[in-house]
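Please view the structure before reading on.

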Amino acid sequence: LAQAAQGAHATEARASVEKLSGHRRRNRASIAAVIALAALLASVIVYRRRSGRTLEEWLTQNPSQARLARPILGRLQHEVVKHGSLLLRDASERLSASPGEVADLLEQRLYGSAASPEHRGLVSEGRRVISDLQALARSSGARLNLRRDPLLSGAADGLDALSRAESAIRRIRKERDGAAPKLIQHASERLATASALLSGMQFKDMEQILDALATTTVSAESLGALVENVASERKLPAPALATKGLPEPGAPAWRVRIPLGDWETIWRNIFANTLVALKDTRGAAPRLTLFGSLVRDAVTAEPVVRFALADNAPGALTTQMIQGRGAERGWGVVSELVRAYGGTIAVAPSIDPQYTKRVIIEFGVIKTP
């Protein structure tokens with residue numbers, strides 16, 4: 001074009017130059033788009049790695065979820081950590097000594113067997129447990145970040161290490177003792193890594209977190225103050241709450257397996273209903289006494305704290321009446337919450353003629369030294 005702008009091939013040359021320029025512009029735009037997309041993906045990955053909550057952060061903000069998280073964490077401890085640690089303890093050494101035989105066992109126990117679809121294997125079961133825990137967190141609007149969680153990262157990383165060993169173990173099982181030493185070494189290293197990660201998990205720390213967030217100390221003083229607060233808020237006369245059998249100051253404390261908020265909600269509703277009933281004692285002085293005792297569950301032999309709130313209010317109140325109330329107010333709230341935390345509630349006649357009835361409540365308890 002520079003030498004022969006009007007030459008025979010000038011039109012064709014201009015079209016070719018324009019085409020090449022178009023390619024260049026599109027390539028530049030594509031490269032810019034790829035870079036932008038890569039930057040976006042990188043920022044999302046970094047954000048997801050750094051954002052999200054740990055187990056402790058989530059339960060601190062949602063202590064009522066500890067009741068539902070406890071059995072899921074129990075499954076993780078039993079199915080993944082306990083069984084996985086026992087299975088993997090010497091697996092890497094045994095795989096090197098007897099590749100075919102050990103690969104048979106590991107493939108079935110870790111990854112399941114096509115011949116037995118009901119047996120999904122430890123890896124699948126572990127991922128299911130973690131998925132259940134993440135789903136529980138999402139139900140309360142939270143996202144768990146397993147990678148930065150000091151309590152759960154071991155399980156997640158251990159399961160990942162076992163997944164990376166799957167193809168090697170399946171090949172060793174097929175090739176038996178003729179498997180390449182490098183393949184056996186690769187699988188052994190993955191098994192050793194998984195074993196170290198799973199055996200290093202501290203479930204005592206998890207139990208301490210759950211107990212700290214989802215338990216409340218039983219205190220005669222705090223319950224007495226709660227009666228006074230409810231009476232003041234409802235403008236009701238408040239007899240002094242007498243207590244018998246509850247821990248005295250300086251004595252070993254009782255801790256019930258309920259977060260403080262739900263514990264206070266239960267007793268606020270109990271006291272409010274009782275104080276309303278005590279407005280008419282037919283001339284007798286109103287009496288309100290809370291009895292407490294530590295007993296053992298007849299079935300599980302676990303420690304249980306039993307409360308019996310006795311009053312001399314007239315009128316009928318039965319277990320069926322409490323359990324049949326709607327869960328939106330009063331006794332219905334009490335019944336639903338007590339049941340939600342594995343407790344029981346019932347109404348029984350008084351064994352003391354000073355009272356007309358007893359409301360008996362039992363909760364699981366941790367007795368601290």
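## Handedness and the pair α12 and α14

A crossing of two helices is called left-handed if the near helix is turned anticlockwise from the far one by less than a right angle, and right-handed if clockwise. The model discussed here is a predicted one. By this rule, helices α12 and α14 cross in a left-handed way.

Two packed helices are described by the angle between their axes and the distance between the axes. For α12 (residues 260-277) and α14 (residues 330-340), the angle is roughly 145° and the axes come within 9 Å. On the α12 side, the residues that meet α14 are Asp-262, Thr-265, Ile-266, Asn-269, Ile-270 and Asn-273. Their partners in α14 are Gly-330, Trp-331, Val-333, Val-334, Leu-337 and Val-338. Sorted by class, this contact has 7 nonpolar, 4 polar and 1 charged.

## The pair α7 and α9

How do α7 and α9 lie relative to each other? Helix α7 covers residues 153-164 and helix α9 covers residues 181-199; they pack at an angle of about 165°, with axes 8 Å apart. Angles over 145 degrees count as roughly antiparallel, and α7 and α9 are therefore roughly antiparallel to each other. The crossing of α7 with α9 is left-handed.

From α7, the contact includes Gly-154, Ala-155, Asp-157 and Gly-158. From α9, the residues in contact include His-186, Arg-190, Leu-191 and Thr-193. The contact of α7 with α9 counts 7 nonpolar, 4 polar and 3 charged residues.

## The pair α5 and α8

Helix α5 (residues 99-111) and helix α8 (residues 166-175) have axes that come within 8 Å and cross at roughly 135°. That angle makes α5 oblique to α8. The handedness of the crossing is left-handed.

In α5, the residues that meet α8 are Pro-99, Ala-103, Asp-104, Leu-106, Glu-107, Leu-110 and Tyr-111. In α8, they are Glu-166, Ile-169, Arg-170, Ile-172 and Arg-173. This contact divides into 7 nonpolar, no polar and 5 charged residues.

## The largest pocket

Rolling a probe the size of a water molecule over the atoms shows where empty space is left. The largest pocket holds about 480 Å³ of space. Its lining has 21 residues, and the closest to the pocket centre are Arg-257, Tyr-341, Gly-342, Gly-364 and Val-365.

Which elements each supply at least two residues of the lining? They are α3 (66-88), β5 (303-311) and β7 (357-367). Strand β7 gives the largest share, 4 residues. By class, the lining divides into 10 nonpolar, 5 polar and 6 charged residues.

Key: Residues are numbered from 1 along each chain as its sequence is written. This is a predicted model: local features need pLDDT of at least 70, side-chain atom pairs count only at pLDDT 80 or more; totals for chains, interfaces and linings use all residues. Side-chain values use heavy atoms; hydrogens and water are left out. On a 1 Å grid over the protein atoms alone, a cavity is a set of points where a 1.4 Å probe fits but cannot get out, and a pocket is an open set with protein on both sides within 12 Å along at least five of seven lines; lining residues have an atom within 4 Å of a point. Grid points are joined across faces, edges and corners, and a volume is the space filled by probe spheres set on the points. Ala, Val, Leu, Ile, Met, Phe, Trp, Tyr, Cys and Pro count as nonpolar, Asp, Glu, Lys and Arg as charged, and the others, Gly among them, as polar. Axes are lines fitted to C-alpha atoms, for helices over the stretch in contact, and angles run from 0 to 180 degrees between N-to-C directions. Angles under 35 degrees count as roughly parallel, over 145 as roughly antiparallel, 65 to 115 as roughly perpendicular and the rest as oblique. Contact means heavy atoms within 4.5 Å.
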